[in-house]
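Lead sentences come first, then points grouped by topic.

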Amino acid sequence: MSIDPSAVIRPFHEAEFAWEEVPCQPYKETGDALFKAISRRVLFAEPALGCELRYFEMAPGGYSTLERHEHMHAVMILRGRGGCLLGDQVRRIKPFDLVLVPPWTWHQFRATEGETLGFLCMVNATRDRPQLPTEREFAALRSDPNISAFLE
Ligand code: MN
C-alpha cells in the first residue's frame, strides 16, 4: 500500500475555509431543484480505510438532495446553523452537533438560517446509489406540516 506523501498532512486555511490540496467540487445545478448551492470536498478516500470523509457546504438558502439509501451517514456539523430532515423529524443543527442517518431514512440538510452551513460526512467507500422520492413519497412527506415548512 503506497500513500501519496502530500496527502498525509494538509493544513486548513481559516480565511478561505479550505484545506490545501483538497479540490472543491460544486454540484452541477439542474432545473429540477433536487439540490441547491452545495459543494463537496473529499477529505479522505484512501481505499484501505474502507470509508470516505467528505465536507459538504451549502450557501445560505442552499440544500442537499432529499434522498434515502441503504448505507448510513455519520455527520458532524462544522460550520453555521441550519436544519435537517431525518425521517419524520425536522431539527435545527449547529456546529459540532452529530447526526446519524440510519439506513433507508429520508434526509436533507438546509442552510435555513441565512448562514453558510458546512458538515463532515463519513460514508462507506462501497455504497448503494441514493433513491429520490417518487411523487407519491414526496406528497406523503409534505403531508406533515413541519416537513412541508422545512421543504418550502
Ligand atoms: Mn445521503
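E137 counts as partly exposed because its relative accessibility is 25%; buried means under 20% relative accessible area, exposed over 50%, and partly exposed in between, with a 1.4 Å probe and protein chains only. This is a predicted model, in which local features need pLDDT of at least 70, side-chain atom pairs count only at pLDDT 80 or more, and totals for chains, interfaces and linings use all residues. Residues are numbered from 1 along each chain as its sequence is written, and side-chain values use heavy atoms, with hydrogens and water left out.

**Salt bridges**

- The structure holds 6 salt bridges, each being a side-chain nitrogen of Lys or Arg within 4 Å of a carboxyl oxygen of Asp or Glu.
- One of them joins R68 to E137, with the closest N and O atoms 3.1 Å apart.
- R68 sits in the loop between β5 and β6 and E137 in helix α1 (residues 135-142), so this pair ties together parts that are 69 residues apart in sequence. Helices (H or I, at least four residues) and strands (E, at least two) are DSSP runs, numbered from the N terminus.
- Another salt bridge is formed by E113 and R92, at 3.1 Å from N to O. It links E113, in the loop between β10 (107-110) and β11, with R92 in strand β8 (residues 89-93), 21 residues apart.
- E113 is partly exposed at 33% relative accessibility, whereas R92 is exposed at 67%.
- R142 and E152 also form a salt bridge, their closest N and O atoms being 3.0 Å apart. R142 belongs to helix α1 and E152 to the segment after α2 (145-151), 10 residues apart.

**A buried charge**

- R41 lies in strand β4 (residues 36-44).
- R41 is buried but has no salt bridge; E57, the nearest side chain of opposite charge, is 4.3 Å away. Lys and Arg count as positive and Asp and Glu as negative, while His and the chain ends are not counted.
- Beyond its neighbours within four places in sequence, R41 has contacts (heavy atoms within 4.5 Å) that include F17, W19, L53 and E57.

**Aromatic rings**

- There are 9 aromatic pairs. Rings of Phe, Tyr and Trp (its six-membered ring) pair if their centres lie within 6.5 Å; planes under 30 degrees apart count as stacked, over 60 as edge-to-face and the rest as tilted.
- F17 and W19 make an edge-to-face pair, 6.3 Å centre to centre with 85 degrees between the planes.
- F17 is buried at 15% relative accessibility, and W19 is buried at 18%.
- R79 lies over the face of F17, 4.3 Å from the ring centre. For a charge to sit over a ring, NZ of Lys or CZ of Arg must be within 6 Å of the ring centre and within 35 degrees of the ring normal.
- One aromatic cluster consists of Y27, F35, F56, F109 and F119.

**Nonpolar cores**

- The largest nonpolar core has 16 residues, and F109 and F119 have the most contacts inside it. Such a core is a set of buried Ala, Val, Leu, Ile, Met, Phe, Trp, Tyr and Cys residues joined through side-chain atoms within 4.5 Å.
- Two or more residues of this core come from each of β5 (51-63), β6 (73-79), β9 (98-101) and β11 (117-124). The largest share, 4 residues, belongs to β11.
- A second, separate core of 7 residues includes L66, L85, I147 and F150.
- R110 lies over the face of F150, at 5.5 Å from the ring centre.
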